[in-house]
Amino acid sequence: EEAPVITHHSIRAGGKTLNYTATTGMMPIKNGEGEVEARMFFMAYTLDGPHDPKRPLMVSFNGGPGSSSVWLHLGLVGPKRIKMLPDGTMTPPPFELVDNEYTMLDQTDIVFVDPVGTGYSRAAKKELNKKFWGLKGDLDSVSEFIRMYLTRYERWSSPLFLIGESYGTMRASGLAGT
């Protein structure tokens with residue numbers, strides 16, 4: 001298992017400077033026998049400062065099929081976003097990242113996760129893909145990711161929020177029950 005990559009940044013949002021830590025890594029998803037069946041990519045942003053066990057944590061994912069968390073990440077929620085034209089359309093290349101004045105980082109720490117089969121998340125063996133690409137497998141793997149993240153980063157006391165778009169809204173509803 002590889003250690004996550006941790007970097008430190010700051011942005012201007014809401015008229016103030018937000019200092020934050022970005023953590024990027026792969027979370028192993030194991031079966032009951034402890035064998036790794038998948039690795040799920042994530043990128044987390046946590047506001048720097050004194051540890052507050054009541055600071056909310058938001059887990060964000062896009063829909064599908066096959067959509068990584070990039071759209072919510074760089075289009076709406078994350079601390080950086082793709083620069084857009086005034087009418088909301090894309091600029092021509094080269095694309096530019098700018099501080100996201102609408103980021104939710106001032107209110108909650110954010111974890112973007114790519115479910116298995118999207119972005120950089122993959123099943124450990126090709127024949128395991130079908131296990132993750134149905135409703136139950138998707139919910140089981142994402143809920144296991146959340147459980148592992150809360151444990152590894154000591155966030156069990158944090159209020160937990162789920163945000164998704166498209167199929168991600170159905171995933172969020174299913175995860176609430178799971």
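Asp109 and Arg155 form a salt bridge, in which the closest N and O atoms are 2.8 Å apart. The two residues come from distant parts of the chain: Asp109 lies in strand E7, Arg155 lies in the loop between H3 and strand E9 (160-164), and 46 residues separate them. Both Asp109 and Arg155 are buried. The model is a predicted one.

Asp109 has a further partner. Arg55 also forms a salt bridge with Asp109, with 2.7 Å between the closest N and O atoms. This pair too links distant parts of the chain, since Arg55 sits in the loop between E3 and E4 and Asp109 in strand E7, 54 residues apart. Arg55 is buried, as is Asp109. Taken together, Arg55, Asp109 and Arg155 make up a network of salt bridges. In general, side chains of opposite charge can pair when their charged atoms come close. The structure holds ten salt bridges.

Another of them lies in helix H3. There the side chains of Arg147 and Glu144 meet in a salt bridge, at 2.8 Å from N to O. Because Arg147 and Glu144 are three residues apart in helix H3, about one helical turn separates them. Arg147 has 37% relative accessibility and therefore counts as partly exposed, whereas Glu144 is among the buried residues of H3.

Now consider H3 as a whole. The helix has 18 residues and reaches 26 Å from its first C-alpha to its last, close to the 26 Å expected at 1.5 Å a residue. Its buried residues include Leu139, Val142, Phe145, Ile146 and Tyr149. After H3 comes Glu154, which has a positive phi, near 50 degrees.

Which residues touch the most other members of the largest nonpolar core? In this core of 24 residues, they are Met40, Phe42, Phe61, Val111, Phe145, Ile146 and Tyr149. Strands E2, E3, E4 and E7 and helices H3 and H4 each give two or more residues to the core. H3 gives the most, with seven residues. Leaving aside residues up to four places away in sequence, Val111 touches residues including Phe42, Leu57, Val59, Phe145 and Tyr149. A second, separate core has 14 residues, among them Ile11, Ala13, Tyr20 and Met43. In soluble globular proteins, nonpolar side chains tend to be buried together.

The surface has a nonpolar area as well. Met84, Met90 and Phe95 make a nonpolar surface patch of about 290 Å². Phe95 is placed in the loop between strand E5 (80-82) and strand E6 (97-99).

Technical notes:
Residues are numbered from 1 along each chain as its sequence is written. This is a predicted model: local features need pLDDT of at least 70, side-chain atom pairs count only at pLDDT 80 or more; totals for chains, interfaces and linings use all residues. Side-chain values use heavy atoms; hydrogens and water are left out. A nonpolar core is a set of buried Ala, Val, Leu, Ile, Met, Phe, Trp, Tyr and Cys residues joined through side-chain atoms within 4.5 Å. Buried means under 20% relative accessible area, exposed over 50%, partly exposed in between (1.4 Å probe, protein chains only). Helices (H or I, at least four residues) and strands (E, at least two) are DSSP runs, numbered from the N terminus. Contact means heavy atoms within 4.5 Å. Patches are made of residues with over 30% relative accessible area and no salt bridge: like charges are joined within 9 Å, nonpolar side chains (Val, Leu, Ile, Met, Phe, Trp, Tyr) within 5 Å. Accessible areas come from the Shrake-Rupley method with a 1.4 Å probe; for residues, only the protein chains shown count as cover. A salt bridge is a side-chain nitrogen of Lys or Arg within 4 Å of a carboxyl oxygen of Asp or Glu. The expected span of a helix is 1.5 Å times one less than its number of residues.
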